[in-house]
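Student: Can we go through this model together? I would like to begin with the chain contacts.
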Amino acid sequence: MTVQHKPNTEELVSIAEMVWSSYLDPDGVRPLVVDPAPGWGLGPTDVVATVAISGAWDGRVLLSFSPPAARRAAAALLAIAEVDDVGEGDVADAVGELANIIGGSVKSLMPQPTVLSLPAVHTGAFPDLGGEVCRVTGTWDGEPVSVAVHEVAVYVGVSRTGETSQ
Amino acid sequence: MRALVIDDSRAMRLILARIARQLGFDVVEAGNGQEALDRLEELDTVPELALIDWNMPVMNGLEFVSAVRRDTKYKAMTLMMVTTESEQSQIVRALAAGAHEYVIKPFTPDAIVEKLALLGLVKNGVQV
Amino acid sequence: MTLTAGEFAYISGLVRRDAAIVLEPGKEYLVEARLMPLARQTGAATVSEFVTRAQQRPEPDVHRRIVDALTTNETSFFRDGEPFTAMTGMVLPELLTSRSTTRHLRVWSAACSSGQEAYTLAMQLHDNLPHGWTYEILGTDISTEVLARAEAGRYSQLEVNRGLPAAALVKHFERVGSHWQVSPNLRKNVSFRRLNLAAALPALGQFDVIFLRNVLIYFDVATKRAVLERVGSLLKPDGWLFLGSAETTIGIDDRFDRVVTGRTSAYRLRPAGTRNGAATLGMAGKG
């Protein structure tokens with residue numbers, strides 16, 4: 001039961017850059033700066049949005065922002081002029097949608113058919129899921145950001161029938 | 001002219017509504033295909049344009065497109081899907097169901113404007 | 001931070017000499033933006049620093065990359081729409097009649113950049129030529145970097161989202177990872193080569209249609225004339241020339257008639273011996 005293809009870091013970088021240039025940095029002046037080993041990492045107040053991909057391939061995509069980066073992302077996406085005017089709901093909506101878009105792009109690289117779950121957004125360090133396939137870390141305006149793809153472990157002896165629901 | 005924006009994500013509805021308003025459209029929003037059909041019933045005129053997400057609860061975008069294309073009342077409405085679904089087979093399905101155009105997320109505002117120009121709904125950056 | 005007059009003069013002199021491109025003062029922002037990635041790649045902190053180094057230690061490879069960076073034009077599929085409407089509405093129907101014996105078309109996309117124009121034309125010819133017809137499309141550009149991209153025919157999702165009808169996307173492209181590649185049956189009819197329009201042209205044969213869009217604007221009048229002269233000599237007597245929407249041959253080269261069609265114009269060679277500079281009536285195409 002081999003997976004034909006797993007996204008690599010390069011493809012994930014390409015997806016992240018597409019999302020940044022479409023929504024968060026359209027003028028190309030505040031890009032996501034990819035840094036494989038950033039000087040600091042995300043912490044317990046991170047905003048993390050996850051989407052699950054299930055079907056012919058099972059996995060999760062996690063998008064993590066530091067709180068200031070999350071607010072900036074919401075301000076950019078929702079065209080809120082003052083970052084101070086960004087509310088919690090705005091952050092959840094914005095980061096959730098970004099995870100949805102990134103998840104959709106990752107999904108399209110994987111064997112089909114699969115479906116994408118609704119995004120779940122929460123605050124706090126995410127427990128180590130294991131099964132990390134690739135990760136992009138970087139900074140945006142000096143604030144840490146990361147995108148990670150995890151494969152959900154399949155237990156030996158339990159088979160999943162890949163039904164076509166569509 | 002009026003645009004119907006259908007997406008279960010508030011953030012995406014905001015983004016699309018903003019683009020449509022900047023082009024001069026009045027905007028009506030809905031959170032899924034069924035809500036959109038309900039809104040259409042309420043309106044006194046048929047919107048010229050619908051921007052439709054695919055994955056939504058209750059009634060998804062593909063089902064909405066099929067429903068609308070079956071009803072001659074909505075013949076004049078241009079249907080543009082705006083979605084994360086980017087597999088070739090999905091785009092083919094959408095076009096076969098009757099969608100007139102298809103934009104893959106992530107998109108730049110220009111992408112939408114240019115596709116609207118292709119469809120004759122926009123000229124020189126303004127609705128015709 | 002910004003380029004000094006001397007640095008700007010050095011760069012504009014370089015591209016003028018190598019590519020006959022005119023960069024007037026006022027275009028410093030363009031030079032800055034285009035050279036920034038190159039500056040970073042070579043470890044310079046600013047474009048100024050990069051240019052100073054290039055001046056002090058001239059290297060042919062660095063020069064080529066500078067010229068490449070400044071001659072790359074933004075392009076997209078079905079750019080501006082109108083000329084392609086003219087292709088299907090006026091040009092191709094006419095060629096289907098006039099080439100009915102040879103049933104072969106030759107098209108040149110001059111200044112093709114990353115290839116979208118050439119592939120757009122390939123899509124149109126593929127879709128509109130009857131069975132039994134063949135076509136070849138040549139794309140040329142002065143920049144080797146963009147030509148490599150054009151050859152590959154692989155475009156990002158953002159690029160295929162722009163101006164390309166979804167129906168054309170699914171018909172003529174295949175997904176490759178997160179990119180989309182022009183299908184092999186189109187690519188086999190499209191070839192690319194490096195060519196400097198401001199220099200003598202190699203023997204390329206004659207073309208039924210030439211697209212020379214948004215490149216003349218970079219040249220001074222003398223070079224414009226020379227380029228049109230050379231390009232015109234590769235156009236079949238009844239062939240069609242398309243320029244950029246803001247460009248015209250009028251006032252530059254009186255060998256061409258302008259044909260107005262829809263909201264755009266195309267140019268054709270006047271019959272030999274009728275160079276009189278008089279404007280002719282436009283022929284309205286079906287658009």
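Tutor: Twelve residues of chain C are in contact with 16 residues of chain B, contact meaning C-beta atoms, placed from the backbone, within 7 Å. This is a predicted model, in which local features need pLDDT of at least 70 and side-chain atom pairs count only at pLDDT 80 or more, while totals for chains, interfaces and linings use all residues. Residues are numbered from 1 along each chain as its sequence is written, and chains are lettered from A and ligands numbered from 1 in the order in which they are written.

Student: Which elements give two or more residues to the side of chain C that touches chain B?
Tutor: Helix H8 (157-160) and helix H9 (166-172) of chain C. Helices (H or I, at least four residues) and strands (E, at least two) are DSSP runs, numbered from the N terminus. H9(C) has the largest share, four residues.

Student: How do the residues on that side of chain C divide?
Tutor: Six are nonpolar, four polar and two charged. Here Ala, Val, Leu, Ile, Met, Phe, Trp, Tyr, Cys and Pro count as nonpolar, Asp, Glu, Lys and Arg as charged, and the others, Gly among them, as polar.

Student: Now chain B. How many helices and strands?
Tutor: Chain B has five helices and seven strands. From the N terminus they run β-α-β-α-β-α-β-α-β-α-β-β.

Student: What is the strand order in the open sheet of five?
Tutor: E2-E1-E3-E4-E5 of chain B, with parallel pairing; strands pair if DSSP finds at least two bridges between them. Strand E2 (26-30) and strand E5 (101-104) of chain B each have a single partner strand, so they stand at the edges with one side lacking a neighbour in the sheet.

Student: And what joins E1(B) to E3(B)?
Tutor: Four bridges, with the two strands running parallel. B:Ala3 stands opposite B:Leu49 in E3(B).

Student: Which residues of H3 in chain B are buried?
Tutor: In helix H3 (residues 61-70), B:Gly61, B:Leu62, B:Phe64, B:Val65 and B:Val68. Buried means 20 or more other C-beta atoms within 10 Å of the residue's own, with C-beta atoms placed from the backbone.

Student: Why are they on the same side of H3(B)?
Tutor: Because they cover an arc of only 160 degrees around the axis, taken from the directions from the helix axis to the C-beta atoms.

Student: What covers them?
Tutor: The cover includes strand E1 (2-6), helix H2 (33-42), strand E3 (49-52), strand E4 (78-83) and helix H4 (88-97) of chain B.

Student: How much of chain B is buried overall?
Tutor: Of its 128 residues, 51% count as buried.

Definitions and conventions: A residue is buried if 20 or more other C-beta atoms lie within 10 Å of its own, exposed if 12 or fewer, and partly exposed in between; C-beta atoms are placed from the backbone. Two residues are in contact if their C-beta atoms, placed from the backbone, lie within 7 Å.
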